Amino acid sequence: MYTAFLLSRRTMVSPSYHMFMVFDPAYEEPAELEIAISAAIAGTVGWAEGVVAVSTAQDLARVTVDIEVLPATPPPADVFAENRLLVPTGALAVDKSADSEFHLGIALPPGPGTYGARLLGTGRAEARRGCDEAFAPGFTHESSVAAVAGLAGIEHYRLQVWHLSSEPDWTEEDDQPRLMPA
């Protein structure tokens, strides 16, 4: 586990349709977005060359998202998902963020290039359970609102990235173009 990051930033995200994305803010490839979104719907995390789509357990309360830039490739770990990510502008944006700077993109200290990326997620089961309980029989409107408010931040994701190369490097798969298995 790293204690010294090149950058560590936190934001709160309001998922839309159980999803949020992290991407290079100049990214303009609708086909790649579709690939990442479809993969996230099918398997929680979807990767395409310049975007990570994350399917959340609930979309009633904000989830916590940390972006951490590591100084080097981290040691192997039990992770939610790991892949590569192209960041041509050297910045990452988080859609659905409550912080405007994340809409514009936060600059990554190593700059543009290809990054290794690791997504870790916690609190999914607790958030799903809390969401189900908020609408259980016998709950009043007021108790449901209070239960949903208590879910804020329970679901937590950490995207760790580390610089691999200053050049874009993405391997195309014949059966799933531009998508790498998570």
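How many bridges join strand S9 (residues 113-122) to strand S10 (residues 156-165)? Nine do, and the two strands run antiparallel.

A word on the model first. This is a predicted model, with local features needing pLDDT of at least 70, side-chain atom pairs counting only at pLDDT 80 or more, and totals for chains, interfaces and linings using all residues. Residues are numbered from 1 along each chain as its sequence is written, and side-chain values use heavy atoms, with hydrogens and water left out.

**View 1. The S9 and S10 pair sits inside an open sheet of five strands.** The strand order is S1-S5-S10-S9-S6, and the pairing is mixed. Strands here are DSSP runs (E, at least two residues) and helices are too (H or I, at least four), all numbered from the N terminus; two strands pair if DSSP finds at least two bridges between them. Strand S1 (7-13) and strand S6 (81-87) stand at the edges with a single partner strand each, so one side of each has no neighbour in the sheet. On average, neighbouring strands of this sheet are turned by 25 degrees against each other, direction ignored (axes are lines fitted to C-alpha atoms, for helices over the stretch in contact, and angles run from 0 to 180 degrees between N-to-C directions).

**View 2. Helix H1 (residues 30-43) has its buried residues on one face.** Glu32, Ala36, Ala39 and Ala40 are the buried ones (buried means under 20% relative accessible area, exposed over 50%, partly exposed in between, with a 1.4 Å probe and protein chains only). Seen down the axis of H1, the buried residues fall within an arc of 100 degrees, so they line one face; the arc is that of the directions from the helix axis to the C-beta atoms. They pack against strand S2 (19-23), strand S3 (45-48) and strand S4 (51-55). Turned away from that buried side are the exposed residues Pro30, Glu34, Ile41 and Ala42.

**View 3. Arg62 lies in the loop between S4 and strand S5 (63-69).** Arg62 is partly exposed, at 39% relative accessible area. Leaving out residues up to four places away in sequence, Arg62 touches several residues, including Met12, Pro15, Ala98 and Leu151 (contact means heavy atoms within 4.5 Å).

Notes. Expected span 1.5 Å × (residues − 1).
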